[in-house]
Amino acid sequence: MKLPTAIQDLLEKYLAGACSPEEVRQVRKHMADPALEQALDTFMQAKWAQLPESISDDRSVLSKERYSRIQRRIGVRKTIPFSWYYAAASVVLMLLAGATYMFRHNVLDIIDPIETITYTTAPGQQLSVRLPDGSRVWMNTASRLSFPEKFRGDTRHIYLSGEAFFEVAHDKKKPFFVHVDNFYTRVLGTSFNVKAYPHADEPIYVTVATGKVAVGVSDSLEHDRELTRLTPNHRVLYDRMAHTICGDSIAVGQVSAWREGRLVFRQATLPEMVLTLERWYGVSITVQPPMTSVTCSFTAEYYAGISLHDVLEALQITGKISYTMEGNTVVIQTQGSCR
């Protein structure tokens with residue numbers, strides 16, 4: 001049996017590292033299809049046959065050893081045809097003879113997959129995480145962080161939703177990427193804060209404490225386009241709706257005060273404060289009249305462990321708001337000076 005031309009073309013594209021995310025999903029679906037097992041085996045054996053004759057018998061032995069290891073793993077991963085593992089293992093050896101870098105890592109991902117580790121924090125919770133390369137991450141409340149159990153290849157990629165402060169272990173040969181949807185922050189070794197909660201109308205903020213970082217966007221084929229670079233005590237704001245970027249200077253201690261349990265607001269709008277308080281205390285806050293008519297801002301700093309009641313009392317003293325609170329529901333009434 002021969003693979004349909006369309007599937008063969010798709011596999012060639014995948015092995016060249018040129019597939020879109022949707023095409024990658026199609027490839028993995030085909031690889032798990034028992035009806036294609038024989039054709040897939042033939043396809044991969046044809047790749048093996050393209051090896052130079054100079055490859056030694058030692059590599060054939062290595063192929064058998066790798067195959068035995070795969071047999072041990074397959075007991076818990078039965079969705080991919082058995083012969084595909086053998087063929088893919090053979091292709092790894094072909095890659096040792098000089099095939100492309102992207103091809104090699106795509107095949108390795110198939111036969112020796114790396115597990116993804118995910119941490120989440122609840123409202124009001126913070127967490128310190130150590131990454132496989134020794135980097136440290138401090139996660140703020142209501143955040144999610146995903147990364148591989150080990151970094152393979154010449155890059156380090158992690159994925160964030162929420163806010164986190166990073167101290168990245170220096171490795172000039174392995175750039176470190178923090179991804180938020182199609183937005184990325186790239187570093188070699190430095191410390192910085194990323195605030196990127198999952199609201200389309202809420203900007204992404206990147207603030208640098210030490211070293212230098214680059215920020216940019218990636219397209220569907222993972223082609224990166226750098227937007228700007230940042231140095232210490234500088235911050236960039238990326239508008240996800242308008243796809244625009246701007247920057248300013250700011251004391252990084254002000255941005256990362258949450259690591260010490262402090263709430264710090266500097267000329268923060270009421271909508272900004274409401275989002276922070278909802279995440280920090282796990283409550284629902286309604287503003288009346290609607291926040292589109294609110295024009296006031298707040299500058300305040302609250303110590304670690306302060307209650308929501310005390311925060312709201314302090315805000316009420318300004319004369320800009322009043323409030324009522326029942327359980328986890330808060331209603332804020334804006335006063336004349338705040339409209």
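Visitor: What gives the most to the lining of the second largest pocket?
Guide: The top contributor supplies eight residues of that lining. This is a predicted model: local features need pLDDT of at least 70, side-chain atom pairs count only at pLDDT 80 or more, and totals for chains, interfaces and linings use all residues. Residues are numbered from 1 along each chain as its sequence is written, and side-chain values use heavy atoms, with hydrogens and water left out. The contributor asked for is helix 8.

Visitor: How many residues line the second largest pocket?
Guide: A pocket is an open set of points on a 1 Å grid, fitting a 1.4 Å probe, with protein on both sides within 12 Å along at least five of seven lines; lining residues have an atom within 4 Å of a point. Lys 195, Tyr 205, Phe 265, Glu 272 and Thr 276 lie nearest the centre. Strand 9 (204-210) and strand 14 (263-269) are among the elements that each supply at least two lining residues. The lining residues number 38.

Visitor: How many of the lining residues are nonpolar?
Guide: The lining of the second largest pocket also holds eight polar and 11 charged residues. The nonpolar ones number 19.

Visitor: Which strands stand at the edges of the open sheet?
Guide: Three strands form this sheet in the order 15-18-17, with mixed pairing; strands pair if DSSP finds at least two bridges between them. Each edge strand has a single partner, so one side of each is left without a neighbour in the sheet. They are strand 15 and strand 17.

Visitor: Which residue stands opposite Thr 324?
Guide: Six bridges join strand 17 to strand 18 (residues 329-334), and the two run antiparallel. The facing residue is in strand 18. It is Val 331.

Visitor: Is His 243 buried or exposed?
Guide: His 243 lies in the loop between strand 12 and strand 13, with a positive phi near 60 degrees. Buried means under 20% relative accessible area, exposed over 50%, partly exposed in between (1.4 Å probe, protein chains only). At 56% relative accessibility, His 243 counts as exposed.

Visitor: What is the relative accessibility of Ala 142?
Guide: Ala 142 sits in the loop between strand 3 (136-139) and strand 4 (144-148). Its phi is positive, about 55 degrees, although it is not a glycine. Ala 142 counts as partly exposed because its relative accessibility is 29%.

Definitions and conventions
Helix = DSSP H or I, 4+ residues; strand = E, 2+ residues; numbered from the N terminus. Nonpolar A, V, L, I, M, F, W, Y, C, P; charged D, E, K, R; others polar.
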